[in-house]
Amino acid sequence: LRILGIESSCDDTAAAVVDARGQILGEAIRGQQQVHEPSGGIVPIEAVRKHVENMPFVVKEALDRSGLGIADVDAVAVTRGPGISSCLSVGLNAAKTLAAVANKPLIGVHHMEAHALTARLCFPDQIHFPFLSLLISGGHTLLLIVHDVNRYTQLGTTRDDSVGDAFDKVARALQLPWKSGRGGGAGAALEVAARHGDPAHLAYKLKVPMSINHQVSSLDFSFSGLKADVFRRVDQQLVSQYGELTTNSDHPITDGAQPPPVFRYSGKPQPTFDPYRTLSKPLADTPTEEDIPALAAGQLTPQFVFDMAAAFQTTAAQHLVQKIRLGFQHCRSIHGVTPRALVASGGVASNQFIRDRLRCVATEEFDTPLFCPPPHLCTDNGVMIAWAGLERFRSGLVDDYGVQVLPKWPLESLVKWPNFESR
Ligand code: ATP
Ligand code: FE
């Protein structure tokens, strides 16, 4: 059984062919970071243009690398949603045409289902249903029970920002470099910066989100307060380094998609910096002293950047851990389900510190193993779509050639437990 998967929901055009043993037969991806960099956020019209330009090459590369033609695959899977409508259409149209011409079944895949199921490809025969899934990406923060393919209970979601977005915004407030290797975004730079910092630095102690009484028992997440807290500290730090703010109109710490403007503080002259500077080489998993100048090339003192990064990362991890703990308890007491694994995926799950905290709570408190896909399968890719397509295909779930994109598509609207009777 071999499935071709196509992904174009956001800013990566990706395709892959996988087989039922979880082997990646061929894979290709083209990003568009350079296109969107100047505006600091994804520009849909540019994203579509790039998807249209890249799609045929990406599909051909994935097939060529697998040594297969379209006639040799058993079905074509494609992301139907959620995502940017026009971007999704590029992938869906490519998939429909390929499937129709080659007379293959079409499988519409939910992007987050794909993130949730990828770990089963990475660890064949080790992750059995039901399992607890923590999806921590740029757009989502979800805690789910995965009962089976297509069957999910959403335990919690974020009430405001996603954890990945908070990492990105905090990293930019700390003036960390924007790019740090494949798919890493600013969040990966923050992880490396945090390794040089001291999370116990009392001056930078941050409050764990949702820790007041009536929120403690909720399974939801919240990251905007934590993020705003860091923004405030950064602002205070800048004032302490450079003197009073002379104008607020270009306040540097904004939540918008724009890059931070040049600071206008009175007092000491400030160094200028390029918020989109690129590191000469991708940051290594184990940071070296060499990374320090590149990381802290902004206007804040290196020690502040590192300690604040560490304080933020530690607090974000504590928040995730608290909700995971509740999630395990809920599974058993409310849903009568004993999760057989905890699976963390999405870009933030490539964060080693967060993985370690999650592994600790899962294994030590709930005697359950943690599985995370490798970082390049945590961020968007074609493999996850091909694999989710394969899992759906095996469960007899195929779609009509007439299916449309679903830019907003709640995961629970697949089939919700326990509303399904028969398998
Ligand atoms: P979604 O799947 O919800 O649509 P997305 O696909 O854009 O979102 P991903 O590609 O899964 O998101 O993840 C990107 C996010 O992961 C970014 O916010 C990035 O900062 C964050 N990220 C990547 N590596 C790390 C890391 N090591 N530590 C923290 N955050 C990280
Ligand atoms: Fe994604």
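Start the tour by selecting Met 210, which has 21 C-beta neighbours inside 10 Å and therefore counts as buried. The model is a predicted one. Met 210 sits in the loop between helix 6 (185-195) and helix 7 (213-216). Check its backbone: phi is near 55°, a positive value in a residue other than glycine.

**Whole chain**

Zoom out to the protein as a whole. It contains 13 helices and eleven strands. Of its 423 residues, 48% are buried. Taking contacts with a separation of 6 or more, 74% are between residues 24 or more positions apart.

**The core**

Next, display the largest nonpolar core, which has 116 residues. Val 18, Ala 77, Ala 193, Leu 342 and Ala 386 are the residues with the most contacts inside it. Helix 10 supplies the largest share of this core, 14 residues. In soluble globular proteins, nonpolar side chains tend to be buried together.

Pick Ala 193 from that group. Which residues is Ala 193 in contact with, leaving aside its neighbours within four places in sequence? They are Leu 174, Leu 176, Leu 295, Val 305, Phe 306 and Ala 309.

**Helix 5**

Select residues 163-173, which form helix 5. Colour by residue class and note that the buried set includes Asp 165, Asp 168, Lys 169 and Arg 172, along with Val 163, Phe 167 and Val 170 among others. After the helix comes Gln 175, with a positive phi near 60°.

**Helix 8 against helix 10**

Show helix 8 (residues 224-242) together with helix 10. Their axes are 11 Å apart and the packing angle is about 165°. That angle makes helix 8 roughly antiparallel to helix 10, since the cut-off for this class is over 145 degrees. The crossing is right-handed.

For the contact itself, select Leu 226, Val 230, Arg 233 and Gln 237 on helix 8. They meet Phe 304, Met 308, Phe 312, Thr 315 and Ala 316 on helix 10. By class, this contact holds six nonpolar, two polar and one charged residue. An α-helix has 3.6 residues a turn, so residues three or four places apart point the same way.

**Helix 10 against helix 11**

On the helix 10 side, select Gln 313, Ala 317, Leu 320, Val 321, Ile 324, Arg 325 and Phe 328. On the helix 11 side, select Phe 353, Ile 354, Arg 357, Leu 358, Val 361, Glu 365 and Phe 366. The contact of helix 10 with helix 11 consists of ten nonpolar, one polar and three charged residues.

Now centre on Val 361, in helix 11. Not counting residues up to four places away in sequence, Val 361 touches Val 321, Ile 324 and Arg 325. Is Val 361 buried or partly exposed? It has 19 C-beta neighbours inside 10 Å and so counts as partly exposed; a buried residue needs 20 or more.

**Off the end of helix 11**

Move to Asp 367, in the loop between helix 11 and strand 10 (370-371). Asp 367 is not a glycine, yet its phi is positive, about 50°. With 7 C-beta neighbours inside 10 Å, this residue counts as exposed.

**Two cis peptide bonds**

Finish with two prolines. Select Gly 81 and Pro 82, which are joined by a cis peptide bond with omega about -15°. Pro 82 is in the loop between strand 4 (75-81) and helix 3 (85-102).

Then go to Phe 129 and Pro 130, where the peptide bond is also cis, with omega near -5°. Pro 130 belongs to the loop between helix 4 (111-122) and strand 6 (131-136).

Key
Residues numbered from 1 in each chain as written. Chains lettered and ligands numbered in written order. Predicted model: local features only at pLDDT ≥ 70, side-chain atom pairs only at ≥ 80, totals over all residues. Contact = placed C-beta atoms within 7 Å. Helix = DSSP H or I, 4+ residues; strand = E, 2+ residues; numbered from the N terminus. Nonpolar A, V, L, I, M, F, W, Y, C, P; charged D, E, K, R; others polar. Core = buried A, V, L, I, M, F, W, Y, C linked by C-beta atoms within 7 Å. Buried ≥ 20, exposed ≤ 12 C-beta atoms within 10 Å, placed from the backbone. Axes fitted to C-alpha atoms, helices over the stretch in contact; angles between N-to-C directions. Parallel < 35°, antiparallel > 145°, perpendicular 65-115°, else oblique. Left-handed = near helix turned anticlockwise from the far one by under 90°.
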